[in-house]
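Visitor: Please take one part of this model and look at it closely. I would like a connected account, and after that a word on the rest of the chain.

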Amino acid sequence: MANKEIDEISGVETTGHEWDGLKELNNPLPKWWAWTFYASIIWSFVYFLLYPAWPWFGGPTKGFLDWSSRGQLRQELNDARAQQQALWDRIAVAELAEIRTDPALLEFAMASGKAAFGDNCAPCHGSGAAGMVGYPNLNDDDWLWGGTLNDIHKTIAVGIRAVHDETRDNAMPAFGRDGILQKQQILDVVGYARGLSGQTTAGANLDDGAIIFAEQCAACHGEDGRGNQELGAPNLANGIWLYGGGTEEVIASIANSRNGVMPSWDGRVEPTVIKALTVYVHSLGGGL
């Protein structure tokens, strides 16, 4: 057996390892470090038994606590659904105006309505609800069928020219395609209609256009051209044109008609979701 070598300076036994004249001392680990190491081993064994660690005989691993991260997530989701359901139940029986005045309901309806809008309405109206040609801008105060809470709610529920017994529907004649007006007559009435918002139309006789408007258009759009929300007839005097306000666009609207369709969401989403959508759309800035 080799003789033990004791370091002359420290008095500690060496391990026999030497590098460039430096000898390694055989100092024992501090007791606190050793006990920490042993405790970690014991804790790892306890953790192995209590929490999921290794499949037992090919079965699922849950541990003696029967805990799993997936199970915890499932429980948290169930708790969140339970909390949401309480708010949905309140929305179901609340009037739209009540939702607007209840801070808790309003906050929940706004968040839920925004999510539902992104899923169902944004493809046509845009993520910011600014619309595009043929799809109304929901941020302004120009509403074909009314911008009150009740009006918006009905429009969302029954749709426009949709497959629903109570859908909003009022067809505009195709004055050119159906032979009701000749080309010059259409140009004249286009000039008159655009003139209501201060625009000019080359080649149009405004006096003749006024007569044609009174005979063919005033019944829906009103004598002053400011529209009729009960009929979904647009206001022609505010310079807002759903399908474009240029001469050619308005000629196309009068000659061939514009009868856009919005689907009915009644039966496609929950009634409470329609309420949340109503509150959200109303809040965008154009609700009356």
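Guide: A salt bridge here is a side-chain nitrogen of Lys or Arg within 4 Å of a carboxyl oxygen of Asp or Glu. The model is predicted, and the structure holds four salt bridges by that rule. One of them joins Lys23 and Glu5. The closest N and O atoms of Lys23 and Glu5 are 2.2 Å apart, so the pair meets the limit of 4 Å. Side chains of opposite charge can pair when their charged atoms come close.

The pair links distant parts of the chain: Glu5 belongs to the segment before β1, while Lys23 sits in strand β2, and 18 residues separate them.

Strand β1 covers residues 14-19 and strand β2 covers residues 22-25. The two strands run antiparallel and are joined by three bridges.

What do β1 and β2 form, and how many residues lie between them? They form a hairpin, with two residues between the strands. Asp20 is in the turn and has a positive phi of about 50 degrees. As for side chains in general, in a regular strand they alternate between the two faces of the sheet.

Now the rest of the chain. The division gives domain 1 (75-155 + 263-284) and domain 2 (172-256). Their C-alpha centres lie 34 Å apart. Eleven residues of domain 1 are in contact with twelve residues of domain 2. About 850 Å² is buried between the two domains, and carbon and sulfur atoms give 60% of that area. On the side of domain 1, Asp142, Leu144 and Trp145 lose the most area to domain 2, together 56% of what that side buries.

The count of salt bridges between domain 1 and domain 2 is zero. Three residue pairs across this interface are in polar contact. The residues of domain 1 that touch domain 2 divide into seven nonpolar, two polar and two charged.

Key: Residues are numbered from 1 along each chain as its sequence is written. This is a predicted model: local features need pLDDT of at least 70, side-chain atom pairs count only at pLDDT 80 or more; totals for chains, interfaces and linings use all residues. Side-chain values use heavy atoms; hydrogens and water are left out. Two strands pair if DSSP finds at least two bridges between them. Helices (H or I, at least four residues) and strands (E, at least two) are DSSP runs, numbered from the N terminus. Domain bounds come from an automatic or database domain assignment. Contact means heavy atoms within 4.5 Å. Buried area is the accessible area (1.4 Å probe) that two parts lose on being put together, summed over both. A polar contact is a pair of N or O atoms within 3.5 Å; within protein, one must be able to donate a hydrogen and the other to accept it, and residues adjacent in sequence count only if both atoms are side-chain atoms. Ala, Val, Leu, Ile, Met, Phe, Trp, Tyr, Cys and Pro count as nonpolar, Asp, Glu, Lys and Arg as charged, and the others, Gly among them, as polar.
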